[in-house]
Amino acid sequence: MFYREAGQFKTTYLADQQIFPITQDRIGVLLILAVAFVAVPMLFNEYWIKAILIPFLIFSLAALGLNILTGYAGQLSLGSAAFMAVGAFASYNFMLRVDGMPILIAFVCGGLSAAVVGIAFGLPSLRIKGFYLAVATLAAQFFIVWALTKFGWFSNYSSSGVITAQEMQIFGYKFVTAESKYLLVLSIVVLLALAAKNMVRSSIGRAWMAVRDMDVAAEVIGIRIMHTKLLAFAVSSFYCGVAGALYAYAYIGTVEPEGFNLDLSFKILFMIIIGGVGSIVGAFLGAAFIVLLPIALDVMVQEWLHGIFPPSISSNLQLVVFGGLIIFFLIVEPHGLARLWQIGKQKLRLWPFPH
Amino acid sequence: MSGRKIGEVILDLQNISLRFGGVKALTNISFDVREHEVRAIIGPNGAGKSSMLNVINGVYHPQEGRINFRGEERRKMEPHMAAMQGIARTFQNIALFKGMTVLDNVMTGRITKMKANFLEQAIRIGRAGREEVEHRKKVEEVIDFLEIQHIRKTPVGRLPYGLQKRVELARALAAEPSMLLLDEPMAGMNVEEKQDMCRFILDVNDQFGTTIVLIEHDMGVVMDISDRVVVLDYGKKIGDGTPDEVRNNQEVIAAYLGVAH
Ligand SMILES: Nc1ncnc2c1ncn2[C@@H]1O[C@H](COP(=O)(O)OP(=O)(O)OP(=O)(O)O)[C@@H](O)[C@H]1O
Ligand SMILES: [Mg+2]
């Protein structure tokens, strides 16, 4: 099996504009989907699915959301976790207060609520950029978590704002087992990832990138800057909001506003820096990396370094390794793992001939 | 010049004044542009040439003066509105979208013509896919026209300066503008690149009838390709007419040509 474009001449623009123009890529994606939908539930035990794969998918979705805003539209945000919180709490309230609310619609409503809040906090982006915008989104982060804690209505007056996600049920089928939850999350994430891929290869994606790269020129071409930026905030927050709802409903079940704190926002930001800013695959690679790294380090410390370091050191080691990697990627490979992945493919395209 | 016919006045600027704080960038300037002509704006550095283009397509809003475009008195107008009305431009300092390929840059030029809504694009149904193909065809025509087929899929950041200028022209042309504003399209080019660029500009003017407003420092080029020239100095208009008239204008010679030659 060679990874080649050779012989695959595109005779129509339609063929050149397919979602995955290279045949091997198409096969690769189908293979990954087959593995994810069929093999994974059979091969992995419950612990892996529950504690690693589900959060991986949910974080991928959040990272995808942030990457649309930061990577494609160029608007730095430190409020991703807060938008997740809005999604989780809004879905909870729709389920709670609307009789017979289907769970999927509740997720969509959660995402839409996050989108509305995202637009509100995106308004400063019309005036300020870069670092200053990051500070404005930081305000969103603190304000939203504060508001969800302060006003009991959001958590139906439970103590300290904790909510317990209702049971997920679609057409009478109850999502109780880890596998069923995994498949539900996977389906949602795959659909939203495809939609994101479609957006970034259409005119809206080009408008986002144009605003990111050169806003004056974008405006002169006829792009409405305000509309474009706010749409990026809305879509990004929608993705984060759905991720937040899944986080509550399919992952931990019981959440409090504090669970969506600044640390989590930073974690999502690190995912896109490590995975690749402005790349859909990058969101997945970055999420995988950040979900798996602590586990790998834990194992390493316990197996190999046992006795040399006390076990408590592993969490600190995590921070050190994170910090080092962030610096590495920022300086050496700003396009992250996605770029390395691409270089790998490029090499493979030429393999076995070095040039 | 070939058989193209210069038409009526389509852009008329009356008594335009533009200030930035205490700096008077433009003072009481009036001039007009006729349909299908090549209109040059010349003048020494800081004369207000770029500011003039920025006024025309709505990037700057003059404090005084009136602008009439295609018979309509223009109120305060944002740049994207100018784009909708068929005014496209290139910049003095290349303003391409660095992270995108040549093809995507040029496709972006057609954004005002693409109508598929957000949901259609996200799901790729209805108009969205069809439009991508249709507009790609038009974009490929522009790419062929400017002879940049070979770099179609290259990120623009990696291209040499001369080619970037050409891609910027391609992006502007993709909008099929009726008026094209070019801010020093040949600056920093070697002789051969300049000749190519001249040929492209004249071809655009000739084949598509596009009205061209051009800022250029190279007097040889200006005299060769423009129908009429307006001369600015310190934000004031000091000359206006055919290349020959301007060349023989004493004030212009003193202010500009005298220094340049
Ligand atoms: N955005 C701005 N803010 C403040 N001053 C400006 C701005 N744009 C232009 N100016 C000033 O207006 C005057 C005219 O500038 P402009 O760029 O129009 O000149 P130009 O004729 O294009 O010069 P060059 O040949 O150097 O490009 C200059 O004094 C410039 O400093
Ligand atoms: Mg200038």
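Helices (H or I, at least four residues) and strands (E, at least two residues) are DSSP runs, numbered from the N terminus. The model is predicted, and local features therefore need pLDDT of at least 70, side-chain atom pairs count only at pLDDT 80 or more, and totals for chains, interfaces and linings use all residues. Residues are numbered from 1 along each chain as its sequence is written, chains are lettered from A and ligands numbered from 1 in the order in which they are written, and side-chain values use heavy atoms, with hydrogens and water left out.

Within the shell around ligand 1, helix α1(B) gives the most, with three residues, and both β2 (23-34) and α1 of chain B supply at least two residues each. A residue is taken as near a molecule or strand if one of its heavy atoms lies within 4 Å of it. There are 14 residues around ligand 1, and those that come nearest are Gly46(B), Lys49(B), Ser50(B), Ser51(B) and Gln92(B). By residue class, the shell comprises five nonpolar, seven polar and two charged members, where Ala, Val, Leu, Ile, Met, Phe, Trp, Tyr, Cys and Pro count as nonpolar, Asp, Glu, Lys and Arg as charged, and the others, Gly among them, as polar.

Polar contacts were defined as pairs of N or O atoms within 3.5 Å; within protein, one atom must be able to donate a hydrogen and the other to accept it, and residues adjacent in sequence count only if both atoms are side-chain atoms. An oxygen atom of ligand 1 lies 2.8 Å from a polar backbone atom of Gly46(B), and an oxygen atom of the ligand is found 3.2 Å from a polar backbone atom of Ala47(B).

The magnesium ion (ligand 2) is coordinated by Ser50(B) through OG and by Gln92(B) through OE1, at 1.9 to 2.1 Å. Ser50(B) belongs to helix α1 (residues 49-56) of chain B, whereas Gln92(B) belongs to the loop between β6 (87-90) and α3 (102-108) of that chain, so the pair ties together parts that are 42 residues apart in sequence. Donors are N, O and S atoms within 2.8 Å of the metal (3.2 Å for Na, K and Ca), and sites may look incomplete because water is not among the atoms. Ser50(B) is partly exposed at 21% relative accessibility, and Gln92(B) is likewise partly exposed at 31%, with buried meaning under 20% relative accessible area, exposed over 50%, and partly exposed in between (1.4 Å probe, protein chains only).

In chain A, Asn198(A) lies in helix α7 (residues 178-200) and counts as buried, at 7% relative accessibility. The side chain of Asn198(A) makes a polar contact of 2.8 Å with the side chain of Arg201(A). Contact denotes heavy atoms within 4.5 Å, and, not counting residues up to four places away in sequence, Asn198(A) touches Ile19(A) as well as Gln121(B), Ala122(B), Ile123(B) and Arg124(B).

Ser279(A), in the loop between α11 (262-275) and α12 (280-303) of chain A, is buried at 14% relative accessibility. A polar atom of the Ser279(A) side chain lies 3.4 Å from the backbone nitrogen of Val281(A), and, with neighbours within four places in sequence left aside, Ser279(A) is in contact with Asn67(A), Tyr72(A) and Ala338(A). The C-alpha atom of Tyr72(A) is separated by 29 Å from that of Val35(A), the two residues being 37 residues apart along the chain. Val35(A) is located in helix α2 (residues 23-43) of chain A and is partly exposed, at 43% relative accessibility.

Positive phi values occur at two loop positions. Asn156(A), a residue other than glycine, has phi near 55 degrees and lies in the loop between α6 (130-150) and β1 (163-164) of chain A, where Asn156(A) is partly exposed at 36% relative accessibility. Glu147(B), also not a glycine, has a positive phi of about 55 degrees; this residue is found in the loop between α5 (127-145) and α6 (161-174) of chain B and is partly exposed, with a relative accessible area of 35%.
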